[in-house]
Amino acid sequence: MSARTGRARNRASAAVLFTVVAGMVGLSFASVPLYRLFCQVTGYAGTPKTDNVAASTGVVEQTVTVQFDANVNSDLPWRFNPADRGVEVRLGEERLTHYVAVNLSDRPVTGTATFNVAPDGAAQYFSKLECFCFTEQTLAPGQEVTMPVLFYVDAAMADDIDARDIRKITLSYTFYRTDEGDKNKPKTAGVAAAAKPGGNG
Amino acid sequence: MAYAATAGHGEHEHHPTGWRRWVYSTNHKDIGTMYIILALVAALLGGVMSWIIRLELASPGIEYVTNIQFYNVLVTAHGFLMVFFVVMPAMIGGFGNWFVPLMIGAPDMAFPRMNNISFWLTAAGLVLLMCSAFVGEGPGTGWTVYPPLSSIAYHPSAAVDFGILALHLAGAGSILGAINLIVTIFNMRAPGMTIHRMPLFVWSILVTAFLLLLAVPVLAGALTMLLTDRNFGTTFYSVAGGGDPLLWQHLFWFFGHPEVYIIILPAFGIISQLISTFSKKPVFGYLGMAYAMSAIGFVGFIVWAHHMYTSGIGVNARAYFTVATMIIAVPTGIKIFSWLATMWGGSIEFKAPMLFAIGFLWLFVIGGVTGVVLANAGIDFVLHDTYYVVAHFHYVMAIAAIFAMFGGFYYWIGKMSGRQYPEGLAKIQFWIFFVGVNILFFPQHFLGLAGMPRRIPDYPDAFAGWNMVSSVGAAITMAATLMFYYIIWHTFRYGKAAEANPWGEGATTLEWSVPSPAPFHTHEELPVISGGGHGHGHGGLKPAE
């Protein structure tokens, strides 16, 4: 092995290793969309089915109580509540319910909602056909809107040994602001940003 | 012999002197020496911080560290310093640089200039980290830097940004160093030095380098997200913008768990060399040892969430991570049994490095057993963030690694400096240090089981007794540590000239075939390694005449 070919071989090896490093940095950023995809596909961590959901295929006698929960991030000047506290549905039965949102500020504000289902085991059977959370919502000053959710709990849950004993499912939403509103200051840090002279430090 | 010719040859080459020799250095031995000096400086800084922590914890109440954020900064800086600027530079940068090329019969590292920038990036990282303590409120986040505590809301000054950039620099240095080591080990072994003949220290560095290559970029990515969250309004870790602080925990521990193996694997390698040398036997089960390290490295990447049992992950995830974590005990057990089997029937010489190797086994087994306890998600719910965890990881990884470093230092200082350490003083230093660290950390198991939380400078009176014992242990440890620095001075001032091989027939690896101190250039004419059993065997490695 001459010195020249040895050096070329070293360079080639190093190039491969640098590619691995770049790949791992990329993966750390890609973990966000990858994890989201994983949850949507498997219902992991209470992620309900929202993509390409087909209409319910069958209804069985077993019932389950679906409770509705609503939260608003403090940066969003809205009131947000479910119209019903909870409903009892048969597995497979499609049901329409509503949430009500009011813009309490004097400016139009845009927000969107994240959502989650508890307990985790029910998530993969919780199918949303229609939901306000699929898109951003913009409310005019003082505007009140009624936002529909069309869902069903898949009848297959009655056959899942890990999920068939579930009698109560909670569907939870958290609305947060997505428009320009507070872009210039860190979103969680209203107090600290004010206390810190000189902006970014 | 080969090196006799090269020593004369080397003098004709460009051989910088004065400060240029060090700052511009492309020589693996000089760079290794600089890494070891860096580690010695950082160890003193990190050590002083830990002694201040133990002073404050000696008795209940806030007595000495009256600024509690400063206590948080001390805890944080102690962790960062010891992990990134003591153990990693000493083992990988120091011993790795010095002895990987010597042991595989290579003239130097594959990329000498990259080797230089690796070191100086690490040194710059150390400076930045020390600066961070003097900016604003200082980084009081713990070495885990969890948001939201590390977010701009709770650490509004630039201190955490300094810390992030310090880790970026040290991380970049580590990645470059890892690439250099892998290329060197894969491409530059002397003829006959096959992968399965490499000494186990080289194996340990190879596995460690791969862990660095795969884990540190993830830390870099996670830190970059934290930096942009703090300064540019992104919301990777902020729920308000659709992010999730748990993302940090997953990314951090995907790096952080392999990181603890990055720290302990080179220690495994050093201990294998020590036990083989001083038992005058080849390592028992050489291939099993090599592949046990590889297995530990692999499994290390799929157990990270055992640091997150109480973060709300699902019960099935906890069950998986419990089982996966316990599986690590299998390859680790292989290593412990192989070390004992190496000693079994050997003609053991209890020189200071061997004492440290046996001390390592003691500490590592105790820490390993408590690790299996903590691997259980159910038990961890009770013990999470208590002093039981502090005791566990100091035993299994921190102090165990320090024992391997002391052992390696005494083992190799003759080769590195040309002067042999004082045997009697080193043995005394071992015993004081061994007694000290056990008094220091063993009672912390009791404190943790009784429910004392980590990272808090005050505690109820009920914990006073064992905390005082622990602090007395810290004082003893401090005495032994300072004695180590004295022994270094004593070695350079009064040390006897070291022979090429001061250890006799047990020391069969190639570094003992060159003179002590190792000349500036070694193995310029490649040694040829004869067959005859695995690389660690008796007389398996002989430089060609």
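I started with His490(B), which sits in helix α16 (residues 464–494) of chain B. A reminder to myself: this is a predicted model. At 18% relative accessibility, His490(B) counts as buried, because buried means under 20%. Leaving aside residues up to four places away in sequence, I found that His490(B) touches Pro422(B), Leu425(B) and Gly495(B).

**Salt bridges**

Next I turned to charged pairs. Side chains of opposite charge can pair when their charged atoms come close. How many salt bridges does the structure hold over all chains? I noted eight.

I looked up Glu349(B) and found its side chain in a salt bridge with Lys280(B), at 3.0 Å from N to O.

Lys280(B), at 17%, counts as buried.

I then checked Arg21(B) and Asp30(B), whose side chains meet in a salt bridge of 2.7 Å, N to O. Arg21(B) is partly exposed at 28% relative accessibility, whereas Asp30(B) is buried with a relative accessible area of 4%.

**Helix α12 of chain B**

I wanted to see whether the length of this helix fits its residue count. Helix α12 of chain B has 24 residues (352–375), and at 1.5 Å a residue it should span 34 Å. Its end C-alpha atoms are 34 Å apart, so the two agree. I also looked at how covered α12(B) is: mostly, with 17 of its 24 residues buried.

**Cavities**

How many cavities of 30 Å³ or more are there? My count is five. The largest cavity holds about 160 Å³ of space. It is lined by 17 residues, and the closest to its centre are Tyr35(B), Ile92(B), Gly93(B), Gly173(B) and Ser174(B). Which elements give two or more residues to this lining? They are α4 (68–104), α5 (112–132) and α6 (159–187) of chain B. I sorted the lining residues of the largest cavity into ten nonpolar, seven polar and no charged.

**Backbone notes**

I went through the cis peptide bonds next. One runs from Ala118(A) to Pro119(A), with omega near 0°. Pro119(A) is placed in the loop between β5 (109–118) and α2 (120–123) of chain A. Another joins Ser516(B) and Pro517(B), with omega about -5°. I found Pro517(B) in the segment after β2 (496–497) of chain B.

Last, I looked up positive phi values in residues other than glycine. Val145(B) has phi near 50°; this residue is in the loop between α5 and α6 of chain B, and is buried with a relative accessible area of 4%. His523(B) has phi near 55° and lies in the segment after β2 of chain B. At 6% relative accessibility, His523(B) counts as buried.

How values were computed: Residues numbered from 1 in each chain as written. Chains lettered and ligands numbered in written order. Predicted model: local features only at pLDDT ≥ 70, side-chain atom pairs only at ≥ 80, totals over all residues. Heavy atoms only, no water. 1 Å grid on protein atoms, 1.4 Å probe; cavity = no way out; pocket = protein on both sides within 12 Å on 5 of 7 lines; lining within 4 Å. Points joined across faces, edges and corners; volume = space filled by probe spheres on them. Helix = DSSP H or I, 4+ residues; strand = E, 2+ residues; numbered from the N terminus. Nonpolar A, V, L, I, M, F, W, Y, C, P; charged D, E, K, R; others polar. Expected span 1.5 Å × (residues − 1). Buried < 20%, exposed > 50% of the residue type's maximum accessible area, 1.4 Å probe, protein only. Salt bridge = Lys/Arg side-chain N within 4 Å of Asp/Glu carboxyl O. Contact = heavy atoms within 4.5 Å.
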